[in-house]
Amino acid sequence: MRVLILLFCLLLGGVVHAQPSAALDDGLAQHLLNRLGYGPAPGEVARVRALGVPAWVDGQLAPPPMPPRLEARLGALPVPEAVLLRAIASPRQLEAVLVRFWLDYFKKEEGADAALRPHVLGRHADLRAALGEHARGKNSERAAMEALLRHFVSAPSASLQGSTWRVWQATGGDQRAVLRQLLTSPEFLAPSQWNSKEKDGFRFVASAVRASGLAVGNVAPLMAFVRAPLPDADRAEFVERLAAGRLALAPVQPHEYASSAPPLRAGVAGEVSQGTIAQPGPVLMAAPTPSAAAMAAARSQPAQPERLRALLLDQKFLRY
């Protein structure tokens, strides 16, 4: 009973402290989209502002189902291309981020992602077992937790490490509970964390395509730019080709997008046109909210070439 009471207090405390003292602004909304995923697509900043921190985080901790057409497309691609397309197109953005993090942490090949994915929001022991990693006691779990903290928070404090570790212990390493504690903490949400990390080539390409408001018709031309680090000249070439429409992408059609609403009110959207993948939101609201309607309208207008060039060539876009 004492353990249950402790767990309740820890989880409740994480939600209560998630409420920012001021109204959610663009900077914080962008921070959430950058760290919990691969950056905002057109209209998503407004969507996050409308939902608020706890609802947005909970929506990624209990994500909507993958659209069947996208899942089929991913299954037909070579693994590296599927990984990139998932980062660009999946409504399960946090899941995609976590899969890449744990594969890197355990030094596994990308092909292990299918076994890992069902467990990244479950128990840490199951996550390890899915990768053939055997638990080595609390020290190894503490090391994993600290690596997870550093992935989301630059230089996490001893206080944040302690509070997150207490949730880890109380829940047996339940990743949803741990991540809710971490991602709604004042330290993670603080302005000092915004844009405090540098994008690698993979994240730059994924975030640039998402920001463009374009749907991916062919992943292969993007792969040449998925490198770390991405040299300035190659970055400029990528931006120019993306803005000029020379990367086998297709303009978004208004009907291809829908709100990435919380899953309890969501249903699977209709299929998109053949040969393209609408990204990132494949979910239709039962009764669309004004913010959902505004988001869909914003997404129907891909960024103009000059605006897109200015956005992607700005030094700020290299950070998240």
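## α4 against α12

Helices α4 and α12 run roughly antiparallel to each other, because their angle falls in the range over 145 degrees. In this predicted model, α4 covers residues 53-61 and α12 covers residues 175-183, with a crossing at roughly 150° and axes that come within 10 Å. The handedness of this α4/α12 crossing is right-handed.

Who does the touching? On the α4 side you'll find V53, V57, D58 and L61, and α12 brings R176, L179, R180 and L183. Sorted by class, that contact of α4 with α12 has five nonpolar and three charged residues, with no polar ones. As for the spacing of such positions, an α-helix has 3.6 residues a turn, so residues three or four places apart point the same way.

## α14 against α16

Now for another helix pair. Helix α14 (residues 201-212) packs on helix α16 (residues 232-243) at an angle of about 25°, and the two axes are 11 Å apart. That angle makes α14 roughly parallel to α16, since anything under 35 degrees counts as such. The crossing of α14 and α16 is right-handed.

From α14, the contact takes in F204, V205, A208, V209 and S212, while α16 supplies R235, F238, V239 and L242.

## α6, mostly under cover

How many residues of α6 are buried? Nine of the eleven in this helix (residues 79-89) are, which leaves α6 mostly covered. The buried set is E81, A82, V83, L84, L85, R86, A87, I88 and A89.

What do those buried residues pack against? Their helical neighbours are α5 (68-75), α7 (93-105), α8 (113-116), α14 and α15 (220-223), and strand β1 (214-216) is a partner too. Helix α14, then, turns up both here and in the contact with α16.

## Aromatic rings

The structure holds ten aromatic pairs. One of them is Y105 with F106: the ring centres are 5.0 Å apart and the planes sit at 80°, so the pair is edge-to-face.

Terms used. Residues are numbered from 1 along each chain as its sequence is written. This is a predicted model: local features need pLDDT of at least 70, side-chain atom pairs count only at pLDDT 80 or more; totals for chains, interfaces and linings use all residues. Side-chain values use heavy atoms; hydrogens and water are left out. Axes are lines fitted to C-alpha atoms, for helices over the stretch in contact, and angles run from 0 to 180 degrees between N-to-C directions. Helices (H or I, at least four residues) and strands (E, at least two) are DSSP runs, numbered from the N terminus. Angles under 35 degrees count as roughly parallel, over 145 as roughly antiparallel, 65 to 115 as roughly perpendicular and the rest as oblique. A crossing is left-handed if the near helix is turned anticlockwise from the far one by less than a right angle, and right-handed if clockwise. Contact means heavy atoms within 4.5 Å. Ala, Val, Leu, Ile, Met, Phe, Trp, Tyr, Cys and Pro count as nonpolar, Asp, Glu, Lys and Arg as charged, and the others, Gly among them, as polar. Buried means under 20% relative accessible area, exposed over 50%, partly exposed in between (1.4 Å probe, protein chains only). Rings of Phe, Tyr and Trp (its six-membered ring) pair if their centres lie within 6.5 Å; planes under 30 degrees apart count as stacked, over 60 as edge-to-face and the rest as tilted.
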